[in-house]
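Colleague: I am new to this structure and would like to go through it slowly with you. Could you show it first, and then take my questions in turn?

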Amino acid sequence: MNHQGRRERKKAELRTRISEVATALFLERGFDAVSVSEVAEAADVARPTVFAHFARKEDLLFDRYPEAEALVVAAINDRPAGTSAVRALSDLLVALADEGNPLSTIRGTFRRFWEVVAESRALQNRARELLQQIEQAVAAAMAQTGVPDPQLTAALTVAAYRVVHLESVRRIFAGDDPAVVAAQHRQRIISALAVVDQAFT
């Protein structure tokens, strides 16, 4: 068991290192200008090793997707009695924003990351695919915990958050005060998801 634990930990550490090296290159030069072979060389691993940890080049930048999916599913499955699934997701997203977690927060320091995504059609397409996967995971968790009309509830919840997030990023690009945007981003998460929640109660 200890050997297996060490092995999994080393795999996770290598995955993180490859992603960090790749992200640094993407932020510096842009996603499309960096090849997987360059990432492998910079990380001092073989090219097949990169694909052993990441199915697609785009996932080198979106490496935290598995964590995001696990968090939203857990928030739904483990929510306190009497708390709706949508409210549980709202509470999670606000908590992540408050702690500065990149999965939900809005900060000016993330601007270059968003620029890299905006500059690449491949990354934009992958982001849409991952958002759809999140929606499917949310719908499945809602269905398993007895939420009425889980597909529609999940779709509206994810769409509401997407609109809030994209608007906040747009404001950062426009030069708005990041502190003001972050505070309003937090409040808009609460307001937008409350509208969805009320529609199903």
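Predicted model: local features only at pLDDT ≥ 70, side-chain atom pairs only at ≥ 80, totals over all residues.

Modeller: Residues are numbered from 1 along each chain as its sequence is written, and side-chain values use heavy atoms, with hydrogens and water left out.

Colleague: Which residues have the most contacts inside the largest nonpolar core?

Modeller: A nonpolar core is a set of buried Ala, Val, Leu, Ile, Met, Phe, Trp, Tyr and Cys residues joined through side-chain atoms within 4.5 Å, where buried means under 20% relative accessible area, exposed over 50% and partly exposed in between (1.4 Å probe, protein chains only). The largest such core has 47 residues, and those with the most contacts inside it are Ile18, Phe26, Val39, Leu60, Leu89, Val138 and Met142.

Colleague: Which helices each supply at least two residues of this core?

Modeller: The contributors include helix 1 (2-29), helix 4 (65-77) and helix 5 (85-98). The others that each supply at least two residues are helix 2, helix 6, helix 7, helix 8 and helix 9 (178-199).

Colleague: What does Val39 touch, not counting residues up to four places away in sequence?

Modeller: Contact means heavy atoms within 4.5 Å. With residues up to four places away in sequence not counted, Val39 touches Ile18, Val21, Ala22, Leu25, Phe26, Val34 and Leu60.

Colleague: Is Trp114 buried or exposed, and what is it in contact with beyond its neighbours within four places in sequence?

Modeller: Trp114, whose place is in helix 6, counts as buried because its relative accessibility is 10%. Leaving aside neighbours within four places in sequence, Trp114 is in contact with Thr105, Ile106, Arg107, His165, Val169, Ile172 and Phe173.

Colleague: At what angle do helix 6 and helix 8 pack, and which residues meet there?

Modeller: Axes are lines fitted to C-alpha atoms, for helices over the stretch in contact, and angles run from 0 to 180 degrees between N-to-C directions. Helix 6 (residues 111-119) and helix 8 (residues 150-173) have axes 11 Å apart and pack at an angle of about 105°, so they are roughly perpendicular to each other, given that angles under 35 degrees count as roughly parallel, over 145 as roughly antiparallel, 65 to 115 as roughly perpendicular and the rest as oblique. From helix 6, Arg111, Trp114 and Glu115 meet His165, Val169, Ile172 and Phe173 in helix 8.

Colleague: How far apart do the axes of helix 6 and helix 7 come, and at what angle do they cross?

Modeller: Helix 6 and helix 7 meet through Val116, Val117, Ala118 and Glu119 on the side of helix 6 and Arg121, Leu123 and Gln124 on the side of helix 7. These two helices are roughly perpendicular to each other. Their axes come within 5 Å and cross at roughly 100°.

Colleague: Is Ser168 buried or exposed, and what is Ser168 in contact with?

Modeller: Ser168 is placed in helix 8 and, at 2% relative accessibility, counts as buried. Leaving aside its neighbours within four places in sequence, Ser168 is in contact with Ile106, Val181 and His185.

Colleague: What does Ser90 touch, not counting residues up to four places away in sequence?

Modeller: Ser90 lies in helix 5, and it is buried, with a relative accessible area of 5%. When residues up to four places away in sequence are not counted, Ser90 touches Ile189, Ile190 and Leu193.

Colleague: Where is Asp44, and what is its phi?

Modeller: Most residues other than glycine have a negative phi. Asp44 sits in the loop between helix 2 (36-43) and helix 3 (47-53), and at 68% relative accessibility it counts as exposed. Its phi is a positive value in a residue other than glycine, near 60°.

Colleague: What is the phi of Asp149?

Modeller: Asp149 is found in the loop between helix 7 (121-144) and helix 8, and it is partly exposed, with a relative accessible area of 44%. Although Asp149 is not a glycine, its phi is positive, at about 50°.

Conventions: Helix = DSSP H or I, 4+ residues; strand = E, 2+ residues; numbered from the N terminus.
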